[in-house]
Amino acid sequence: MSWSPPPRKVSDTQVIVVGGGPAGAVTGLLLAQRGWQVELVDRARFPRNKACGECLNPGGVALLAELGLVESVLATSPAVLEGWDLALPGDGGWQPPARGRFRGGDRALGICRATFDAALLGEARAAGVRVREGVRVVKAHPGGPDKPAAVELVLPGGGRQRRTARVLVGADGLNSRIRSEVGLAGPVADPPKASLTWRIRGTGPSRHQGRLLLGRRSTVGLAPVAGPDATHWNATLVVVEEADRANLLRRGWSIMSAALQGIPGGWRREPRVVAGPWGSGHFDRPVQAARTGRTLLVGDAAGYFDPLTGQGIYRALLSARLAADTIDQGLTGDARMGSDVEGLAPYGPLIFSSLRAGRLLQRAVEGVVSRSPLRQLCLGGLRYLPRATSWLIHLTGDRAGSLLRVPEPVWPLHPPRTIHEDHR
Ligand SMILES: Cc1cc2nc3c(=O)[nH]c(=O)nc-3n(C[C@H](O)[C@H](O)[C@H](O)COP(=O)(O)OP(=O)(O)OC[C@H]3O[C@@H](n4cnc5c(N)ncnc54)[C@H](O)[C@@H]3O)c2cc1C
């Protein structure tokens, strides 16, 4: 077989990452650390807000520790959570909650997405990633065995630019443009859900537990987050009914404030809104596959189901690591691209099998919560079964792996604080 010399320039850059959230920042960072030339574009300018419950679960904390990134996140002064309380509606308020505690000394972090995402992107930049903010992708081509991947960018001034890359990483979130451009979007399921997130300020409830208030028509998540004086909370409302979705902006805060009034423990002073709301939905975004040609999808772009169990950032970080490993190990040689597509092929099955258990658990929990009699039966019973509640919290915290081995000491940096019970 005759060998022809590789073309001198096969693409503008080795890897283009679209999206600078946790999935994109960490993919870029890991590749740059291994010597890859990475360009990352994001249509936003950082720090930017993101609709999110802002709770990094223990699996996410453990992954950050493994990747050497936990210190820079702790530098943003996150709140430290020891578990979640799950409450069902009762007469004129909420029933006493089922209390779940993370097992084995695990902790979750109440983060502020604006500072958390900016911190990770800062790490990526420091590792050598070329970060271009205010740059939007409007078209993409997945590339093939003999053809680089390509994107068309709209630059801050309005001009357009075409860039080619040996590998394209779509990390552009829930409504991923890359996913639809390269033909990987799956059929969207019903019923759609919608959410609003506020940053509120108030004192009263214990700041060591998150709360999930599982109402008949809506779910409210309340989690302490980093703030200037430890009084800031993330308050997220998710609704499913058509009537609530249609009037969400107008009626959202009254639904939220009614839910907050009745929370066990109560507030010393009525909480007030300091930022938001930020909206999001529809959540269920299946994908046909997570790779095609030279394009890999990571994070929400690679498929999303529901925010209820708060596993999205963990999945973003895990898929980033899998994508970076696949690119680094699967692609050989500098410029000859012939075997690249084969080298990237393992990514699809790998991400599918790595996220399968978490996805099944998510669907099971959502299936119970969305059916009123089942919700009452299963979650009502948890109130009397604190160990079972803690196992559930532990599993949705993406620490199932720690059942099989002695838990890693992921929390050497901040010893657990004493809990002051200020509500029962
Ligand atoms: C209501 C709600 C509550 C949630 N609560 C939690 C929780 O408590 N814990 C948890 O772990 N997860 C939670 N999640 C999920 C979590 O927010 C996501 O899973 C996570 O942000 C995914 O990260 P990502 O990097 O994939 O995407 P994102 O963080 O969404 O980043 C995508 C980036 O791509 C950029 N982008 C988009 N389109 C383009 C384009 N065309 N060109 C250039 N750039 C583009 C965006 O500007 C953005 O910066 C929640 C989600 C919602 C909606």
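Axes here are lines fitted to C-alpha atoms, for helices over the stretch in contact, and angles run from 0 to 180 degrees between N-to-C directions. I kept in mind throughout that this is a predicted model.

**Entry: H10 and H11**

I started with helix H10, residues 347–369, and helix H11, residues 372–382. Their axes sit 7 Å apart, and the packing angle is about 110°. Angles of 65 to 115 degrees count as roughly perpendicular, so that is how I put H10 and H11 down.

Which residues of H10 and H11 meet? From H10 I found Gly367, Val368 and Val369; from H11, Leu374, Arg375, Cys378 and Leu379. I sorted the residues of this contact into five nonpolar, one polar and one charged.

**Entry: H7**

Next I checked the length of helix H7, residues 248–261. With 14 residues at 1.5 Å a residue, H7 should span 20 Å, and its end C-alpha atoms are 19 Å apart, so the two agree.

Then I looked up which residues of H7 are buried: Leu248, Gly252, Ile255, Met256, Ser257, Ala259 and Leu260. What do these buried residues pack against? I listed helix H6 (242–246) and the strands S7 (93–94), S14 (194–201), S15 (209–214), S16 (218–224) and S17 (232–239).

**Entry: a sheet of three strands**

Last, I followed an open sheet in the order S3-S9-S4, with antiparallel pairing. Strands S3 (55–56) and S4 (79–81) are the edges, each pairing on one side only. A reminder to myself: strands of a sheet pair through backbone hydrogen bonds.

How many bridges join S3 to S9? I noted two, with S9 covering residues 108–110. Cys55 has Gly110 in S9 as its bridge partner.

Terms used:
Residues numbered from 1 in each chain as written. Predicted model: local features only at pLDDT ≥ 70, side-chain atom pairs only at ≥ 80, totals over all residues. Heavy atoms only, no water. Helix = DSSP H or I, 4+ residues; strand = E, 2+ residues; numbered from the N terminus. Parallel < 35°, antiparallel > 145°, perpendicular 65-115°, else oblique. Contact = heavy atoms within 4.5 Å. Nonpolar A, V, L, I, M, F, W, Y, C, P; charged D, E, K, R; others polar. Expected span 1.5 Å × (residues − 1). Buried < 20%, exposed > 50% of the residue type's maximum accessible area, 1.4 Å probe, protein only. Pairing = 2+ DSSP bridges.
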